[in-house]
Amino acid sequence: MGPGLIVPPIFTPIPPAIHPCHVEADVLTAAWAETYRIGSEKLRARLVSQAIGTFSARILPEGREEVVSLLADFILWLFGVDDGHCEEGELGRRPGELAAELHRLLRVAQNPEVPMLGDDPLAAGLRDLRLRVDRYGTPGQAARWVDALREYFFSVVWEASHRRAGTVPDLNDYTLMRIYDGATTVVLPMLEIGHGYELQPHERDRTAVRAAAEMASFIITWDNDIFSYHKEKKEKSATGYYLNVLRVLEEHEGMTPEQALDVAISQRDRVMCLYMRLTEALAAQGSPQLRQYLRTLGSFIRGAQDWGVTSVRYTTPDDPANMPAHFRDTPVDGSEEPLDIPAIGWWWNLLAPGGDAHAAPRLHRAAQN
């Protein structure tokens with residue numbers, strides 16, 4: 001985190017959980033990465049040391065083992081794209097060429113049989129992933145997974161344009177981009193596939209349910225920015241560019257790293273508090289499938305937290321980051337006031353004001369449609 005900057009315990013009201021297959025998942029994902037030669041040898045060796053199978057096992061602690069393995073392979077593949085193409089590769093500073101390459105990959109995801117990128121390891125891995133999505137999921141879930149990949153690809157091209165120009169987006173633009181470029185939304189279809197159900201469109205597409213998923217993405221990516229700041233700043237000092245909410249706050253608000261850390265923690269705490277109130281209201285009136293979806297969203301949040309403070313991806317043992325040894329059970333900032341970020345400020349309109357503070361929260365009428 002830079003000299004003297006220490007990450008304090010982070011608020012989480014969600015209990016930890018992990019699938020009993022987590023050790024095997026790490027072994028299988030390392031073997032998958034070798035089979036498909038994901039990334040350079042150096043990058044692949046780094047990725048297989050980062051307990052990505054364990055991360056997947058935390059996201060789906062009660063899921064089907066074969067989908068825990070599928071999700072782990074997919075997460076490793078995403079790091080192969082992000083670390084290999086976007087962060088460390090030449091395409092990361094050439095948004096036009098990056099867009100073209102990602103569109104070719106997207107075509108492979110849409111139809112694994114297309115005769116494109118025949119010698120590309122990432123394309124070969126993606127073909128395998130798509131076939132397994134088809135095997136364990138529904139056609140609708142496969143379509144949503146491809147759509148989410150498109151959103152993710154679009155956002156990393158946007159980030160590449162900033163990397164090329166050496167510019168730092170403002171907080172509103174960064175927040176909007178981070179919901180997608182953190183590769184959280186591409187995991188959402190896997191939450192359903194992992195438990196063998198399909199959430200019906202009238203529930204998944206409700207404004208409040210979509211907002212709950214966006215809040216989960218915000219919390220996961222803000223936590224990731226907090227936990228990875230030390231790694232990012234250290235690694236990118238050589239290239240002169242890294243993008244992180246702390247840097248956004250430093251650049252646009254004139255904050256010190258310590259002040260930016262405090263503000264980022266306050267922001268994620270307020271969203272976490274809203275997320276818990278909203279998901280409680282949704283679960284009270286939702287189907288069993290929606291309740292399962294919301295539980296697994298919570299596992300995703302907590303799993304990312306537990307993995308973030310323990311994986312060598314972020315703890316960087318050769319130059320240790322000052323990570324918290326535990327979590328806290330109360331927020332630093334429990335305010336119910338909206339964050340002054342237009343892209344997400346509307347989230348706070350979803351819950352009806354007033355009522356018994358001890359009763360289940362009530363959804364605003366518009367959010368129920």
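Predicted model: local features only at pLDDT ≥ 70, side-chain atom pairs only at ≥ 80, totals over all residues.

User: Why does the radius of gyration agree with a compact globule?

Analyst: The radius is taken over C-alpha atoms, and the globule rule is 2.2 Å times the number of residues to the power 0.38. For 369 residues the rule gives a value near 21 Å, and the chain has 20 Å, so the two agree.

User: What makes a residue of the chain count as buried, and what percentage of the 369 residues is buried?

Analyst: Buried means under 20% relative accessible area, exposed over 50%, and partly exposed in between (1.4 Å probe, protein chains only). Buried residues account for 56% of the 369 residues.

User: Which residues of helix α8 are buried?

Analyst: Helices are DSSP runs (H or I, at least four residues), numbered from the N terminus; the chain has 16 helices and 0 strands. In α8, residues 171-181, the buried ones are L171, Y174, T175, M177, R178, I179 and D181.

User: What makes D170 a cap of α8?

Analyst: A side-chain oxygen of D170 lies 3.3 Å from the backbone nitrogen of N172, at the N-terminal end of α8. A polar contact is a pair of N or O atoms within 3.5 Å; within protein, one must be able to donate a hydrogen and the other to accept it, and residues adjacent in sequence count only if both atoms are side-chain atoms. Just after α8, A183 takes a positive phi of about 60 degrees.

Key
Residues numbered from 1 in each chain as written. Heavy atoms only, no water. Helix = DSSP H or I, 4+ residues; strand = E, 2+ residues; numbered from the N terminus.
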